[in-house]
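This report describes a two-chain protein model, chain by chain and then residue by residue. Please consult the sequence and coordinates shown below.

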Amino acid sequence: MSDKEVRSPEERARRLIMASLDGELSGGERGELERLLDAHPTLRAEWARFQRVKEVTETMALRPAPEEVWSDYWASVYSRLERGIGWILFSLGAIVLLSYGAWAGVKELIADATIPWFVKVSLLALTVGAVVLLVSVVREKVFVARRQRYKDVER
Amino acid sequence: MEFAFVEQNEASERALVQRARAGDRRAFGELVTRYMRRAYYAALGLVGSHEDALDLSQEAFARAFRARANLDPELPFYGYLYQIVRRLCFNFLRDSRTRRVRMEEATPWLMNQAGAKAAAADPGRSAERSELCAQVQAAIERLPEREREVLVLKEFEGLRYREIAELLGIPIGTVMSRLYTARRNLAAELEGVL
C-alpha cells in the first residue's frame with residue numbers, strides 16, 4: 001500500500017484493512033493494523049466480516065465465454081468498421097439526392113402560376129426551416145462535440 | 001529473460017498501434033486478437049450478460065479504430081480501450097430501457113471456481129454453492145457502478161491497486177476507498193448467508 005496521504009485515522013484503518021485482505025500490506029503496516037485491531041474491537045469485527053466477504057468472492061470467477069466466440073470476434077469488429085463507412089456514404093448520398101430533389105421540386109412549384117402564393121410561401125418556409133435544422137444538427141455534431149472539453153467526463 | 005520479453009512485447013505493441021493509427025486494419029486486427037478476451041471480461045464484469053459484453057466490447061474496438069487519431073503509441077493500448085469499454089458499459093447500464101430488459105433476462109455471469117468435479121462429488125454442497133453464487137452476483141449487481149467496477153477489477157481480474165489506479169486514472173487511495181465501500185455494501189447484502 002503506497003498511498004499514505006489519508007485524511008483521518010478511520011480512513012487509514014479502512015485502507016489498512018483493504019490492503020491486508022488483498023495482500024498489499026508492507027511489514028510495518030501489518031504491525032500498525034494489528035495494533036489498531038487490538039485497540040478497537042469494532043474494527044476487529046469489521047475486519048472479520050470483510051474477511052468472510054473476501055473468502056466468498058475468492059471462490060468465484062467470471063463465467064468463461066464459449067470458445068467459438070473468439071474465432072469470430074475480429075470478423076464482427078471488422079463488419080462494424082465496414083458498416084460505419086457504409087452508413088457515412090449512404091447518409092451523404094441520401095442528403096445530396098434529397099436536397100437536389102427538394103430544390104428541383106420547389107423551383108418547379110414556384111414557377112407554376114396556378115399554385116396560390118401562400119402555398120408557395122409555406123413551401124419555401126418549410127424548405128428553409130428543414131435546411132436550417134439540418135445545418136444546426138450537423139454543426140452541433142461536428143464542431144460543438146469536438147470543442148466540448150468535458151465530453152469524456154462521466155456524469 | 002522476462003524483461004527482454006516484456007520489452008519486446010511493448011515494442012511490438014507500439015509498432016502495431018503506430019500502424020493502426022495510420023489506418024492499417026491488419027495491425028488493428030492483431031491488437032483486437034491480443035485484447036479481445038480482456039475487453040470482453042471487463043465488459044462482462046460491468047454489465048453481467050454474455051451477449052451485451054460481447055456487443056459492447058466489439059463496439060469499443062470499432063470506436064477505438066474510428067478515433068485512431070487519438071491513439072498514442074507511447075501509452076498502453078488497453079488503457080485507451082478500457083476507457084471506451086467502461087463508458088459504453090456505464091451508458092448501457094444507465095439506459096432505463098436496457099435496465100428493464102436486463103431485469104427480465106437475468107443470466108448467470110459468475111461461477112464457483114470449484115467446478116464440475118466438485119459438483120459431481122458432492123451435489124448437495126454444489127447446489128448450496130450455486131445459491132451463494134447467485135446471491136453474490138445479485139448483490140454485486142446492486143452496487144453503484146464505480147464500486148462494482150473496482151471490485152470486479154480486483155476480485156475477478158486480479159489486478160493490483162496500482163494497476164487499477166492507472167487504468168481508471170485515479171489515486172490508489174480512491175481505489176481502496178471504493179473497494180472498502182463495495183465490500184461493506186456486499187457484506188450488508190449478504191449478512192444472512194455469510
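Leaving aside its neighbours within four places in sequence, which residues is E59(B) in contact with?

## E59(B) and its surroundings

The model is a predicted one. In it, E59(B) is in contact with R80(A), R66(B) and L88(B), when neighbours within four places in sequence are left aside. The residue belongs to helix α3 of chain B, which covers residues 50–66. With a relative accessible area of 16%, E59(B) is buried, because the value falls under the 20% limit for that class.

## Organisation of chain A

Chain A contains five helices and one strand, and these elements run α-α-α-β-α-α from the N terminus on. The domain assignment divides the chain into domain 1 (9–58) and domain 2 (73–147). Taken over C-alpha atoms, the centres of domain 1 and domain 2 of chain A are separated by 62 Å.

Of the 155 residues of chain A, 26% count as buried. Among contacts in chain A with a separation of 6 or more, 25% are between residues 24 or more positions apart. The chain exposes about 11,100 Å², of which carbon and sulfur atoms supply 63%.

## Organisation of chain B

Chain B has ten helices and one strand. Read along the sequence, its pattern is α-α-α-α-α-β-α-α-α-α-α. Buried residues make up 46% of the 194 residues in this chain.

Contacts in chain B between residues at least 6 apart in sequence join residues at least 24 apart in 63% of cases. Chain B exposes about 9,900 Å², and 51% of this area is supplied by carbon and sulfur atoms.

## The largest nonpolar core

The largest nonpolar core has 87 residues. Those that touch the most other members are Y73(A), F28(B), F61(B), F77(B), L81(B), L110(B) and I140(B). Helix α2 of chain B (residues 25–47) gives the most to this core, with 14 residues. Domain 1 (9–58) and domain 2 (73–147) of chain A both give residues to the core, so it lies between them.

The contacts of F77(B) illustrate the packing around one of these residues. Leaving aside its neighbours within four places in sequence, F77(B) is in contact with E13(B), V17(B), F28(B), L31(B), Y35(B), F61(B) and L71(B).

## N112(B) in the strand of chain B

N112(B) lies in strand β1 of chain B, which spans residues 110–112. Its relative accessible area is 17%, and N112(B) is therefore buried, since that class takes in values under 20%.

Not counting residues up to four places away in sequence, N112(B) touches T59(A) in chain A.

## A nonpolar surface patch on chain A

I110(A), L124(A), V128(A) and V132(A) make a nonpolar surface patch of about 340 Å². Helix α5 of chain A (residues 117–147) contributes the largest share of the patch, three residues.

L124(A), one of the patch residues, has its place in helix α5 of chain A. Its relative accessible area is 41%, and L124(A) is partly exposed. This value lies between the 20% limit for buried residues and the 50% limit for exposed ones, which means that the intermediate class applies.

Conventions:
Residues numbered from 1 in each chain as written. Chains lettered and ligands numbered in written order. Predicted model: local features only at pLDDT ≥ 70, side-chain atom pairs only at ≥ 80, totals over all residues. Heavy atoms only, no water. Patch = residues over 30% accessible without salt bridge, like charges linked within 9 Å, V, L, I, M, F, W, Y side chains within 5 Å. Areas by Shrake-Rupley, 256 points an atom, 1.4 Å probe, with all protein chains shown as cover. Salt bridge = Lys/Arg side-chain N within 4 Å of Asp/Glu carboxyl O. Helix = DSSP H or I, 4+ residues; strand = E, 2+ residues; numbered from the N terminus. Buried < 20%, exposed > 50% of the residue type's maximum accessible area, 1.4 Å probe, protein only. Core = buried A, V, L, I, M, F, W, Y, C linked by side-chain atoms within 4.5 Å. Domains from an automatic or database assignment. Contact = heavy atoms within 4.5 Å.
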